[in-house]
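Visitor: Could you take a close look at a single part of this structure and describe it in one connected answer?

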Amino acid sequence: MHNPGRRAVVAGLGAGLACSAGLAQLPAAKSAGITRLDPRLDRIIPPTARIEVLAGGYTWSEGPLWVPQGDYLLFSDVPKNVVHRWDRTNGAKPFLSPSGFQGVVPATIREPGANGLALDRQGRLLLADSGSRALVRVDLATRRRTVLADRFEGKRFNSPNDLVVTRSGAIYFTDPTYGLEGMDESPVRELDFAGLYRLDPDGTLTVLDRTQRKPNGVGLSPDERTLYLALSDRDRPHILAYALDARGMQEGVRVFRDMRREQDAGLPGAPDGMDVAPNGHLFASGPGGIHILSPDGELLGIIGTGKPIANACVGEGGNSLFITASDQLCRVPLRTGA
């Protein structure tokens, strides 16, 4: 989920939005707009909906998170090491600066800021802190930081990237190498894999998968029995679905959505961040923008801005989809309960 290095991974998977004969499923793909591929999309996004640009000028916007207590949105500018706050009255303003690495950023870190954001069950902010190479909790009132985890089996994480929280308070998160200068070849890298983890409230840390090359965004189904993982991997531009047992542990994995056709058509971006709606459909970034997917993985439509899109989240009581699109923060209206 970013930086000139991370952003190059995403943007490099498609230099421009294009429609080709090989992508017959997208006969009306737009560089900026909403491409409707299935009538069911009208029950999610009104037919008259348009993309609204709320703010801009960022280096790489990421990690949108709606905060119900206060009615505002938080989102990251990872390279700038800032988390911004947006609301309808004041617009977008810096909220946490620095958001990730505290102090002078060493040359070994290429993504100093926080990336993915979430709330715990007490309403505290959780950060996938790429720069500090840790999972961090922040009290929204006092801004006090608490490190929840920064090592696996005594070795420092690579650069935590995205996270999702269960009703019990457990945290699933990814730990690719995007935040390290040199990424996989970084001299400060200590782990020899990019993991998908679960951190339980008692501090127990479990690695669920250590086999993926470029794990990125994560999401959780409403019944918490499926964990979704996006792979920003040109050879495997997939969203995976992990079946979870009653304890929340992996008991199987399958390809939920293969985005190779969109990638091969030259659409900009890659599988990255996502949000799962209460009724189970996904808003998942990928080549061309935000892919709206049914709970069965069917592509209903794509929201495109003409730029690689990092992430999205549902907010304002289910009435809005907020999108972090390269240097912009955007909004698309939703039907309530979509």
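Guide: What follows looks at one residue in a strand and then at the salt bridges around it and elsewhere. This is a predicted model in which local features need pLDDT of at least 70 and side-chain atom pairs count only at pLDDT 80 or more, while totals for chains, interfaces and linings use all residues. Residues are numbered from 1 along each chain as its sequence is written, and side-chain values use heavy atoms, with hydrogens and water left out. S61 is found in strand β3, residues 61–67 (strands are DSSP runs of E, at least two residues, numbered from the N terminus). With a relative accessibility of 0%, S61 counts as buried (under 20% relative accessible area, with exposed meaning over 50% and partly exposed in between, for a 1.4 Å probe and protein chains only). A polar atom of the S61 side chain lies 3.4 Å from the backbone nitrogen of A325. Leaving aside residues up to four places away in sequence, S61 touches F75, S76, A310, T324, A325, S326, D327 and Q328 (contact means heavy atoms within 4.5 Å). One of these residues, D327, forms a salt bridge with K307, the closest N and O atoms being 2.6 Å apart (a side-chain nitrogen of Lys or Arg within 4 Å of a carboxyl oxygen of Asp or Glu). This pair links distant parts of the chain, 20 residues apart, with K307 in the loop between β24 (299–304) and β25 (311–315) and D327 in the loop between β26 (320–325) and β27 (328–333). K307 is partly exposed at 25%, and D327 is likewise partly exposed at 24%. Elsewhere, salt bridges that share partners join E52, R88, E316 and R331 into one network.

Definitions and conventions:
Helix = DSSP H or I, 4+ residues; strand = E, 2+ residues; numbered from the N terminus. Polar contact = N/O pair within 3.5 Å; in protein donor to acceptor, adjacent residues only side chain to side chain.
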